[in-house]
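Have a look at it first, and then we'll go through it together.

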Amino acid sequence: MTAFDLTIIGLGYVGMPLAKEATAAGLRVAGLDVDPRKVEALNAGRSYIDDLTDADLDAMLTGGFTATLDASVLARSRTIVICVPTPLDEDHRPDLSAVEGATRTVAEHLQAGTLVVLESTTWPGTTDELARPILEQSGLVAGEDFHLAFSPERIDPGNPKFGLRNTPKVVGGFTPACKERAAAFYAQFVERVVPVSGTREAEMAKLLENTYRHVNIALVNEMAIFCDELGVNLWEAIEAASTKPFGFQKFLPGPGVGGHCIPVDPSYLSYTVRKLGYPFRFVELAQEINERMPSYVVARVQRLLNRARKPVNGSRVLLLGVTYKPDIADERETPAIPVAEALLELGADLSFCDPYVKEWAVEGTQIPREEDLAEAVAAADVVVLLQQHSAFDLDVVEERAPLVLDTRGVLATSERVERL
Ligand SMILES: NC(=O)c1ccc[n+]([C@@H]2O[C@H](COP(=O)([O-])OP(=O)(O)OC[C@H]3O[C@@H](n4cnc5c(N)ncnc54)[C@H](O)[C@@H]3O)[C@@H](O)[C@H]2O)c1
């Protein structure tokens, strides 16, 4: 029976980069998931993660990495890291069912001396109040028989500069010994480990980071709306403010927030605060503003077409870039969906162009994909630049499009090109 240095539960955007770095550092790594298609793809050398090439995966498999559906690997692992999803449920409340499920599976196989780390983003208190009691159903006691820690994942998919290795890793333990064990574990493949005194501080650090981003994006989004009415070029004002070498960080407006983290994580924090009997007003306001951006984008498209004496109904609207981030294929929570829904509702003749997305359906309607950017841009009544993939030839868009709404501030403005 093979023994493993590490078993990672949840082989997604977070779990796989961790598996890659740990394997490269010489650890023997197993990956446990509940999705047979993912396990099969990984063992066959086929990656489904943007930041993991098939060649990376080949090197991992050669280095001993194995993906499995069989939870018995947990009993043979010195360290177990849980990286399962933490979405919101239909009522916008934290849905921790995957964390509970994975933790229960760990409890069934837990051995004395194991280090268990939760990496999934969640409300402060989860490791201690939710994971620990489940793990202790094994009969083993946290801090005495096994070590327990929380370490938030900070992975930024598609970021060419910062990956797991060179992004400092915050670690909080249930006890000081748990913290030290977890810090030593990550130090094997992360350049800088940042220990904090407890699991709650580590959980809160992650929520603070993403809430900070969410709130600041909302700030510039709200400013974009009134700057348009005031006749002020916000993009230029932001660039000017960014020359201040201290006390200012640049955030840009856009068509809304997307991805698995920014629209979701602040709700985990407001959920926790609501339990105290009052709201977390910053988060709730930011949510309201950011969620309204797609309909604001549609109102601006309507206004552009109106100037050309055209109704949205029947107009050819081309959406450029439908993923939530540039240069990756991830479509989760992308604001392109609510933008497209509203345009379809108004009767727009919609198409899209995105080198990363081969097929795109909105509310069950298959949106035609344009292969040739130059032709598509010229044939559209209006082009909406939602995502600035670097593969897009922006000169072509500026020169050929009859009308453009640039929601990313990357095109030169003109009679035909307007920024958000
Ligand atoms: N994606 C990011 O950029 C990012 C960044 C930082 C933090 N996070 C956080 O990391 C966590 C994981 O996110 P992700 O993006 O990797 O998710 P993901 O959906 O890409 O992957 C999660 C994997 O977990 C598996 N899974 C679900 N329940 C399971 C169970 N009970 N047992 C075993 N496997 C199970 C799923 O099949 C899936 O393969 C979330 O809490 C997220 O908020 C994500």
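Before anything else, one term: when I say polar contact, I mean a pair of N or O atoms within 3.5 Å. And please keep in mind that what you see is a predicted model.

With that in hand, let's go to the ligand. Which side chain has an N or O atom 2.6 Å from an oxygen atom of the ligand? That is Asp33. The side chain of Lys38 also places an N or O atom by a ligand oxygen, at 2.9 Å. Thr121 does it with its backbone instead: a polar backbone atom there is 2.9 Å from an oxygen of the ligand. How much of the ligand does the protein cover? On its own the ligand has 830 Å² of accessible area, and the protein covers 90% of that.

Now let's step back to the whole shell. There are 25 residues around the ligand, and Val14 and Thr86 join Asp33, Lys38 and Thr121 as the closest. By type, the shell splits into 13 nonpolar, six polar and six charged residues.

Next, the largest nonpolar core, which has 31 residues. Those with the most contacts inside it are Ile9, Ile82, Val106, Val116 and Phe146. Several elements give two or more residues to this core, including strand E4 (77-82), helix H4 (97-109) and helix H7 (199-230). H4 gives the largest share, four residues. Both domains take part here too: the core draws at least three residues from each of domain 1 (4-197) and domain 2 (214-419).

Helix H7 brings me to Lys206, which lies in it. Is Lys206 buried or exposed? Its relative accessible area is 5%, so Lys206 is buried, as the cut-off for buried is under 20%.

My last stop is Thr323, in the loop between strand E9 (316-320) and helix H11 (336-345). Thr323 has 3% relative accessibility, so it counts as buried as well. Its side chain has a partner: a polar contact of 3.4 Å joins it to the side chain of His389.

That's my tour, and I'm happy to take questions!

Conventions
Residues are numbered from 1 along each chain as its sequence is written. This is a predicted model: local features need pLDDT of at least 70, side-chain atom pairs count only at pLDDT 80 or more; totals for chains, interfaces and linings use all residues. Side-chain values use heavy atoms; hydrogens and water are left out. A residue is near a molecule or strand if one of its heavy atoms lies within 4 Å of it. A polar contact is a pair of N or O atoms within 3.5 Å; within protein, one must be able to donate a hydrogen and the other to accept it, and residues adjacent in sequence count only if both atoms are side-chain atoms. Accessible areas come from the Shrake-Rupley method with a 1.4 Å probe; for residues, only the protein chains shown count as cover. Ala, Val, Leu, Ile, Met, Phe, Trp, Tyr, Cys and Pro count as nonpolar, Asp, Glu, Lys and Arg as charged, and the others, Gly among them, as polar. A nonpolar core is a set of buried Ala, Val, Leu, Ile, Met, Phe, Trp, Tyr and Cys residues joined through side-chain atoms within 4.5 Å. Buried means under 20% relative accessible area, exposed over 50%, partly exposed in between (1.4 Å probe, protein chains only). Domain bounds come from an automatic or database domain assignment.
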